[in-house]
Amino acid sequence: MTIKHHIADDLVLAYASGELDEATSLLVATHMSLCPQCRQALELAESIGGSLIEEEAEAEIADGELEAIFSRIENTKESATPAPVPERARRGSYVLPQPLRDYADGDVDGLRWRSLGGGVRHLPIDTGASRAKARLLYIPAGSKVPDHGHRGLELTLVLAGSFYDEGAWFRRGDVEEADATVEHQPVAGPEEACICLAVTDAPLRFRSLIPRLAQPFLGI
Amino acid sequence: MNTSNVIRLASMRSGFSQTGILAELSQAEMTEAEDRGARSAELDEMSAHLVAVAQEQDREAFSALFRHFAPRLKSYFRRYGEDDGRTDEVMQETFAAIWTKAHQFDPSRASASTWIYTIARNQRIDAFRRERRPQFDPNDPAFVPENVPDGEDSVTYRERAEHLSEAMAELSDKQREVLRLAFFEDQPHEAIARRLGLPIGTVKSRIRLAYGHLRTRLSPTAGGLL
């Protein structure tokens, strides 16, 4: 599997600094679990964080803080021993990688899809109070995703099958990023149904926000 | 690291006084090289402390980590505008997490400050934002591991850390300032722009330039991190 469409630098930086909301973080983390290249970019971004911590001013620490921490550690009785590492016997057997599988409460077989008509199904994913909304989409082979626009950034991560949009193919692990100016109509590849995670109205932290009338996305 | 830096550091380590080649260096350059050498030694020391906490539940090592990181992390948490009571609580949770998770620290992959930064960041999100922070799980069967060719060792962490610290030193003060604000403050770029009295476009382009510079300096063709 070769991923061609990655997470943009600015999103990696925002994930590393902890500024992304939960829904967008879910998509970024799920892509990371499939993409060693983006994990390396994340390592770089986190080392920047580490080196900025070294440069932080040294605030005064009250007496007794360290002792308070030691007594807290003793009270919780958690020891610094490693948890057993589970076997990787079933590598590749899941369509939904972590952390998405936890959020969806299982792999694709057990999902309770809701129909959107034309064979297209969706499943909203609960990401708390997050402004951006995450949902899984199921698009039958060869079908079009209903035409849609969105207010902010839309990120789509392919998990099964493929889709074609704006002159490019997107396959497992690929992320399509579309800002509010893009009015697009992805088409699922002919080989099998396309399953993807879509996050809409992700905050445009590093981009200028172009306001536009929001069109209802798939009736939600 | 360029040749003159290597010579400088080697001379410093072997205890040479400021003569010969060293006499030609400006005081500023010397200080910079000394700082870098001292920082590098300190990083190794902190890394060893974390390993000692993981392997021997070493309280002395943990205390040394606390003395170094607690004052810095307190400043970091205070950036998020919570009162001191909340900050102290998150400090305690962070250090308790450092104690219980120390076994997850891999000194060949990250510096102690980077690893501790990620722990602090996650505690901050939990405590101040009350959100979950989704993370990938390297033990997940669906996880795609790195494809490291046999016998071909990737750049060591030590080398990567040196590249990064040099690349950070090359940033202008202005670039480092916006990078710090962008990284450490829960503020949109508009707020950073207001605070620094700069147009928003300038803030954005400085962040992009700073990050782009680090990324380029650490790219595989530059023999660096990525």
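Predicted model: local features only at pLDDT ≥ 70, side-chain atom pairs only at ≥ 80, totals over all residues.
Q: Why is the pair of B:Y76 and B:Y80 called edge-to-face?
A: Across all chains the structure holds 18 aromatic pairs. In the pair of B:Y76 and B:Y80, the ring centres are 5.4 Å apart and the planes stand at 80 degrees. Centres within 6.5 Å make a pair, and planes over 60 degrees apart count as edge-to-face; the pair is therefore edge-to-face.

Q: What makes B:Y76 and B:Y80 count as buried?
A: Buried means under 20% relative accessible area. B:Y76 has 0%, so B:Y76 is buried; B:Y80 has 11% and therefore counts as buried.

Q: Which residues form one aromatic cluster with B:Y76 and B:Y80?
A: The cluster also contains B:F77, B:Y117, B:F128, B:F183 and B:F184.

Q: How do you know that B:R121 is buried or exposed?
A: The relative accessibility of B:R121 is 1%. The limit for buried is under 20%, so B:R121 counts as buried. B:R121 lies in helix α5 of chain B, residues 112-129. Residues that B:R121 touches include A:Y15, A:E46, B:Y76 and B:R133.

Q: What makes the side chains of B:R121 and B:N122 a polar contact?
A: Their polar contact is at 3.0 Å, and the cut-off is 3.5 Å between N or O atoms.

Q: Where does the charged end of B:R133 sit?
A: The charged end of B:R133 is over the ring of A:Y15, 3.8 Å from its centre. The distance limit for such a placement is within 6 Å. B:R132 likewise lies over the face of A:Y103, at 4.1 Å from the ring centre.

Definitions and conventions
Residues numbered from 1 in each chain as written. Chains lettered and ligands numbered in written order. Heavy atoms only, no water. Phe/Tyr/Trp six-rings, centres within 6.5 Å; stacked < 30°, edge-to-face > 60°. Buried < 20%, exposed > 50% of the residue type's maximum accessible area, 1.4 Å probe, protein only. Lys NZ or Arg CZ within 6 Å of the ring centre and 35° of its normal. Helix = DSSP H or I, 4+ residues; strand = E, 2+ residues; numbered from the N terminus. Polar contact = N/O pair within 3.5 Å; in protein donor to acceptor, adjacent residues only side chain to side chain. Contact = heavy atoms within 4.5 Å. Lists of a residue's contacts leave out its neighbours within four places in sequence.
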